[in-house]
Amino acid sequence: SCRDRDSRRPAVALGELLVRCTPPGLDRVFLADSGSVAVEVALKMAAQYWRGRGRPEKCRFVALRGGYHGDTLGAMSVSDPATGRHEAFATIPRHHFVARPPSRGADFTKAIESLAEVLARDDVAALILEPLVQGAGGMHFYDPGYLQQARQLCDDHDVLLICDEIATGFGRTGHWFACDEARIAPDILCVGKALTGGYVTMGATLATEKVASHVCAAPPGSQDDALPLMHGPTFMGNPLACAVALASVSKLLKGGWWRRRVRAIEGQLCAGLNPCVGLDTVADVRVKGAIGVVEMKAPLDAAKVAAACPALGVWLRPFGTRLYTMPPFA
């Protein structure tokens with residue numbers, strides 16, 4: 001009907017825009033309800049991809065310790081098992097975890113060797129990680145070289161690479177996507193948060209044509225049927241959310257102003273936070289793009305911090321030993 005066509009137009013326009021502005025090769029788009037759901041869809045894509053290639057035994061995922069990918073069950077299962085309290089959920093799927101890479105600038109040889117050993121397993125479907133910045137798992141920044149070598153290892157071992165850019169995408173790190181800084185492209189990409197500028201909930205999962213074609217393929221040499229992607233949320237492609245996302249991303253891209261703004265914020269954060277290094281209670285200060293983190297030597301009293309910050313005219317989130325800010329730049 002004409003009404004149906006009208007409701008689909010924002011989704012089609014948003015999908016076309018995302019294909020144009022994300023890393024090369026990501027030509028298929030699935031619009032989801034949120035970032036966590038985008039991760040769930042990515043995991044399903046990877047599992048169905050291997051089913052379509054006749055390799056259903058490749059059904060487990062490799063993830064980095066310290067990572068965070070969301071609060072739905074599948075997303076939790078590839079988030080850090082300690083901070084995600086996996087032991088409290090008997091039904092949570094079990095996957096492979098490797099040590100997270102060391103901080104940016106440090107030697108990551110051992111971390112790559114550990115990753116290579118696990119990726120060589122016959123049951124691995126995909127590696128999922130947050131590129132260059134592990135967010136809620138510790139605001140940990142690591143070296144682009146690690147991501148480059150991880151991409152190569154995935155290719156060498158016939159493993160998909162899923163990049164979760166829900167927190168880092170659309171300019172947050174100083175690059176449009178963190179993947180861009182490492183000059184790599186994933187097989188599957190998850191986006192959210194800045195996708196709609198925080199106005200409505202929405203996420204998206206993008207995949208290469210190769211991944212998409214096998215997701216919906218019948219397993220070779222099998223009597224099993226071809227399957228559609230087994231995910232169809234009620235609010236998938238919601239026209240209001242799509243219109244908001246289209247406006248938000250279009251505004252960011254217009255004239256490249258986001259880059260100048262993020263650089264200015266980065267300069268402000270460095271100038272304001274770097275003096276904290278000299279404080280006895282501070283272990284580290286780190287800034288990347290529009291992300292600023294002060295790491296304390298001891299855990300913060302969240303209640304005291306939450307009470308003190310508004311009186312100073314700021315709102316900051318205390319998280320364990322860390323106090324961080326990710327200010328809006330639009």
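The model is predicted, so local features need pLDDT of at least 70 and side-chain atom pairs count only at pLDDT 80 or more, while totals for chains, interfaces and linings use all residues. Residues are numbered from 1 along each chain as its sequence is written, and side-chain values use heavy atoms, with hydrogens and water left out.

**Salt bridges**

- The whole structure holds twelve salt bridges (a side-chain nitrogen of Lys or Arg within 4 Å of a carboxyl oxygen of Asp or Glu).
- R85 is the partner of E87 in one of them, with the closest N and O atoms 2.5 Å apart; E87 is exposed at 55% relative accessibility.
- R55 and E57 also form a salt bridge, their closest N and O atoms lying 2.5 Å apart. R55 is partly exposed at 29%, and E57 is partly exposed too, at 38%.
- D187 and R151 meet through their side chains in a salt bridge of 3.0 Å, N to O. This pair links distant parts of the chain, 36 residues apart: D187 sits in the loop between α6 (178-182) and β8 (188-191), and R151 in helix α5 (residues 144-156). Both D187 and R151 are buried.
- A network of salt bridges links D284, R286, E295 and R322.

**Helix α8**

- Helix α8 takes in residues 239-253 (helices are DSSP runs of H or I with at least four residues, strands are runs of E with at least two, and both are numbered from the N terminus).
- Just after the helix, G255 takes a positive phi of about 75°.

- β11 (residues 291-296) is mostly covered, with six of its six residues buried. I291, V293 and E295 point one way, while G292, V294 and M296 point the other way. In a regular strand, side chains alternate between the two faces of the sheet.
- β10 (residues 282-288) runs antiparallel to β11, joined by six bridges (two strands pair if DSSP finds at least two bridges between them). K288 stands opposite I291.
- β10 and β11 form a hairpin with two residues between them, and G289 in the turn has a positive phi of about 60°.
- β11 also pairs with β13 (residues 322-325) in the antiparallel sense, over four bridges. Here G292 stands opposite T325.

**H96 in strand β3**

- H96 belongs to strand β3 (residues 96-98) and counts as buried at 15% relative accessibility.
- Leaving aside residues up to four places away in sequence, H96 touches R60, F61, V62, A63, V118, R121, D123 and V124 (contact means heavy atoms within 4.5 Å).

Methods: Expected span 1.5 Å × (residues − 1). Buried < 20%, exposed > 50% of the residue type's maximum accessible area, 1.4 Å probe, protein only.
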